Protein chains: 2
Amino acid sequence: MKKHNFYAGPSILPEYTKEKTAEAVLNFAGTGLSVMEVSHRSKEFVAVVDEAVALVKELLKVPEGYSVLFLQGGASLQFLMAPYNLMGLKAAYLNTGVWSKKAMKEAKFFGEVVEVASSADANFNYIPKQFDTPADASYLHYTSNNTIFGTKVNAPEANVPLVADMSSDIFSRPVDVAKHDLIYAGAQKNLGPSGATLVIVKDEALGKIDRVIPTMLDYRIHIQNESMFNTPSTLPVFACLQTLRWLKELGGVEAIEKINIEKAAVLYDEIDRNKLFQSTVPNKEDRSLMNVTFVMAPEFAELEKEFLDFATAKGMIGIKGHRSVGGFRASTYNAMPIESVQALVDTMQEFEKKH
Amino acid sequence: MKKHNFYAGPSILPEYTKEKTAEAVLNFAGTGLSVMEVSHRSKEFVAVVDEAVALVKELLKVPEGYSVLFLQGGASLQFLMAPYNLMGLKAAYLNTGVWSKKAMKEAKFFGEVVEVASSADANFNYIPKQFDTPADASYLHYTSNNTIFGTKVNAPEANVPLVADMSSDIFSRPVDVAKHDLIYAGAQKNLGPSGATLVIVKDEALGKIDRVIPTMLDYRIHIQNESMFNTPSTLPVFACLQTLRWLKELGGVEAIEKINIEKAAVLYDEIDRNKLFQSTVPNKEDRSLMNVTFVMAPEFAELEKEFLDFATAKGMIGIKGHRSVGGFRASTYNAMPIESVQALVDTMQEFEKKH
């Protein structure tokens, strides 16, 4: 039976990425050695990092004056590194869910954290849009996509630079990098396997804070050493490069955005049409293109377990919703083919007929 | 031509690890999905971490009361996490080279760092053995193997708990874990690909310091979450498990130690016999079993480049010495077959005949 991988992360990757990675685990760049067993300073591996950095810059149209890094520790370590490097006495955070809150927690070590707005009052099922950002905040932080709650955030208007956690939707839609002092993303959604962390940081934004920064947490150290201050996560970075090549070949971020909009529409339309189900995000413009969250309609609430079993039997993997929202979550990252989305829609319609 | 992989790290891994990893990149645990694209919380991946932790405990005879973690960031991040979690007003460090110095640098954020001894006076070509450790130090830190300088350090006698960076020789010889509050190791020598970091920490040693620890740097958080506070580096951890299985099958740490001693002896004997070369570590008991460093004898100094080219043409990879020592470095980690060591010895003898 064909399986459809709706995991929220680590999540579906292109066949190209899997094939090229499997090959390189056995024989990397014609060396006869595994990509796992060559020095990160070998010319073959340095070429991997250089090409990956160049493709990130090309695909996201990164302006001059920004550095692209591949680090470790995921977004969770960036929650700490961002304020360590960029926050003066105050920083502003938009609270759109669990990941925003985790980011705020680490910033509180360094000074005053201003929560400019929050959708906690409705279990984060919408994105606040009217708020003021203090002019003396070092930055405004936002989470561009909220995997758990199925919402997306467009870059807010603010009179201070932006910092964004784009872990779960980077490369899914264009981004105006120039508005940001920092963008970071764990690789394990649209980029590659977990264990690599993408960082895009404005060089000029660094070194302004009078604070001693531990070596490994200092972006300047990693910039000076071109992501090789310590041994980078070589195999995951190699896999990320394959996904970047795949995305470029496919037409880049603009091309994948169209596909993502189409895929999401197929699923949201079914959720809105099918009486058994309902979206957890009433405001359509706030709905994520990456994580489609939905629940049983109240009058069919008792069918939740039955639908989960029914869909699982049909090959749908990873569609159980996060415990804080319940119901279902279908993650439709870049590598997800529309056929898998259609298979889920078919399953929902079959289940509807059954009841 | 057969290649012989003498890289210092990332470095040679068992064929078993490479084959099983390549397989799982395409189809993991019969899921039909890549190990890169399944949730870290899936039952299949949780089983990977559980088995890896159990094998670490078995192979290193880890006593009760210790936790085994797979984190990210390599030893370089552990240089910071170790004092963050364990250091009170003072900590003691044995300085046996570059990596010890990097560890000391991070500890200085937290208090007084006492360098109990140093071999800097002889470019770290020996291990100091007579020194006193202040009784009020929170721990004595040492680097068990110095890749750059080709030396090894046995667990020092001290009246305080030990902390050890075992990145480059863990699983190569037995270790008395009970003497240590903390052992850490980047995976990329004897364990797996870079991007995973092994931590073995004594539970009782934690929580004694009155210091607020950022979430990602707090061992207790990672222990409570069984290495899944954030998404672990899933593909590297999977590969580490394969190496642990391979090592167990081979007879464990005691069995590999015998092989390592035999391999190193073949090479050191040749270096000591061959008039063209000399070891950089005069004291035999200080010589590393993992990284054999040697230079041209002074009267043949001008042959250095020629030998490097000669050996490279014979399939020897990664034998150029670190710039701070010069000459050559042949890393003979667990997975290195004795045939490769013999091939290098043959090459040295051929070169000798040529001159």
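Is A:D218 buried or exposed? I found A:D218 buried, with a relative accessible area of 7%; buried means under 20%, exposed over 50%, and partly exposed in between (1.4 Å probe, protein chains only).

I noted that this is a predicted model, in which local features need pLDDT of at least 70, side-chain atom pairs count only at pLDDT 80 or more, and totals for chains, interfaces and linings use all residues. Residues are numbered from 1 along each chain as its sequence is written, chains are lettered from A and ligands numbered from 1 in the order written, and side-chain values use heavy atoms, with hydrogens and water left out.

I then looked up the partner of A:D218: a salt bridge joins it to A:R220, with the closest N and O atoms 3.0 Å apart. The term denotes a side-chain nitrogen of Lys or Arg within 4 Å of a carboxyl oxygen of Asp or Glu. A:R220 is partly exposed at 32%.

B:K129 lies in the loop between β4 and β5 and B:E285 in the loop between β11 and β12, so the pair ties together parts 156 residues apart in sequence.

Turning to the interface, I found 56 residues of chain B in contact (heavy atoms within 4.5 Å) with 56 residues of chain A. The rule gives 2 salt bridges across it. B:E37 bridges to A:K18 at 2.7 Å between the closest N and O atoms.

Note on methods:
Helices (H or I, at least four residues) and strands (E, at least two) are DSSP runs, numbered from the N terminus.
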